[in-house]
Amino acid sequence: MTELVIRSLNPGEEPLFEAMPDPGLVGFAAFGQSYTALAAKGGYRPEWTWVALRGGTVVARAAWFAGPEDEKPLALDWFDFTDAEAAVELLRTAPLHAEYSLLLPVGWRDDPAVTAAANARIDAAVAAGLTPLVERYRYRWTPECGLPDRPGRLEFRAEPDDAVILDVFRRVHQGSLDAHVRRTIAGSGLEAAAQEQLDYLRWMPSPREWWRLAYTPGGELVGLAAPCHHYNDPVIGYIGVLPEHRGRGYAYELLAEATHVLAAEGADRIVAGTDVTNTPMAAAFARARYPIEKQRIDLV
């Protein structure tokens, strides 16, 4: 068999990366996006894009995403292949370590070809040392969905002090249904999980002043709504309700407020997500008329 060559992409080699056949069943290709277009927006760098070649032909490829100021990749979100063994070797060889996020069409288990494509990638990632963590819903709100009603039970205030926000995360993360939060708490503790969430919100280039703390009319803190703008889209950065106020429908009110804030800032779409297993938050998105656009499986 021809020797396998695994290396990072050189500048200007986008056509080489794109040369591998792709039926477009899963990943970005399933949603009409190309590596070249995404790289042009700054999400990928040649040194963080790797290929495996046999006889000069690409048989596996992977690209890790990062923001423009990041010193290391944040996620592996492009990974496909025609040679599974080469794909496993590529992930083992590339000196890059980040969560793998596999994008999937809604109802992906209903199509045998899509299911097979998804499972092949998951199997290769697992063989390379990754572990499935959670499946998530990805939502996309547009003005045609209509703005969600504001029940008016809560008062919203900006909070400029990061120490206050960090304490909110400490409280909200207790009993969290979010798989990523639970994993960080289990591995590094509650303080690390709170700091990780704050760092993520601060990483996004949107104004800090958009974040809102929610209070009852009597002044009790209920939770946090963080409308943000990712490097690509307006997003619901975070919705969290304190444990003592859960079960009262407040997540919907926080989501509605965040949606109104972003719409007032001119957002023509809002991207959001939650774990499939987080049924209260999924119900809030449904009530706010956020349609599910994609599904996603995260491996760590």
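**Salt bridges and a covered strand**

The structure holds 18 salt bridges, and it should be read as a predicted model.

**Salt bridges**

- Arg7 and Glu13 form a salt bridge in which the closest N and O atoms are 2.8 Å apart; Arg7 is partly exposed, with a relative accessible area of 26%, whereas Glu13, at 17%, counts as buried.
- Arg61 forms a salt bridge with Asp80, and the closest N and O atoms are 2.6 Å apart. Because Arg61 lies in strand E3 (residues 57-65) and Asp80 in strand E4, the pair ties together parts that are 19 residues apart in sequence.
- Both Arg61 and Asp80 are buried.
- A further salt bridge joins the side chains of Arg170 and Glu191 (2.7 Å, N to O). Arg170 belongs to helix H5 (residues 162-172) and Glu191 to helix H7 (residues 190-203), so this pair links parts that are 21 residues apart in sequence.
- Arg170 is partly exposed at 24% relative accessible area, and Glu191 is also partly exposed, at 41%.

**Strand E5**

- Strand E5 (residues 99-104) is mostly covered, with 6 of its 6 residues buried. Glu99, Ser101 and Leu103 point one way from the strand, while Tyr100, Leu102 and Leu104 point the other way.
- E5 pairs with strand E4 (residues 75-81) in the parallel sense over 2 bridges, and the chain crosses from E4 through helix H3 (residues 84-93) to E5 in a right-handed β-α-β crossover.
- E5 and strand E12 (residues 292-299) run antiparallel and are joined by 5 bridges, with Leu103 standing opposite Arg296 in E12.

How values were computed. Residues are numbered from 1 along each chain as its sequence is written. This is a predicted model: local features need pLDDT of at least 70, side-chain atom pairs count only at pLDDT 80 or more; totals for chains, interfaces and linings use all residues. Side-chain values use heavy atoms; hydrogens and water are left out. Buried means under 20% relative accessible area, exposed over 50%, partly exposed in between (1.4 Å probe, protein chains only). Helices (H or I, at least four residues) and strands (E, at least two) are DSSP runs, numbered from the N terminus. Two strands pair if DSSP finds at least two bridges between them. A crossover is right-handed if, with the strands pointing away from the viewer, the path from the first strand over the helix to the second runs clockwise. A salt bridge is a side-chain nitrogen of Lys or Arg within 4 Å of a carboxyl oxygen of Asp or Glu.
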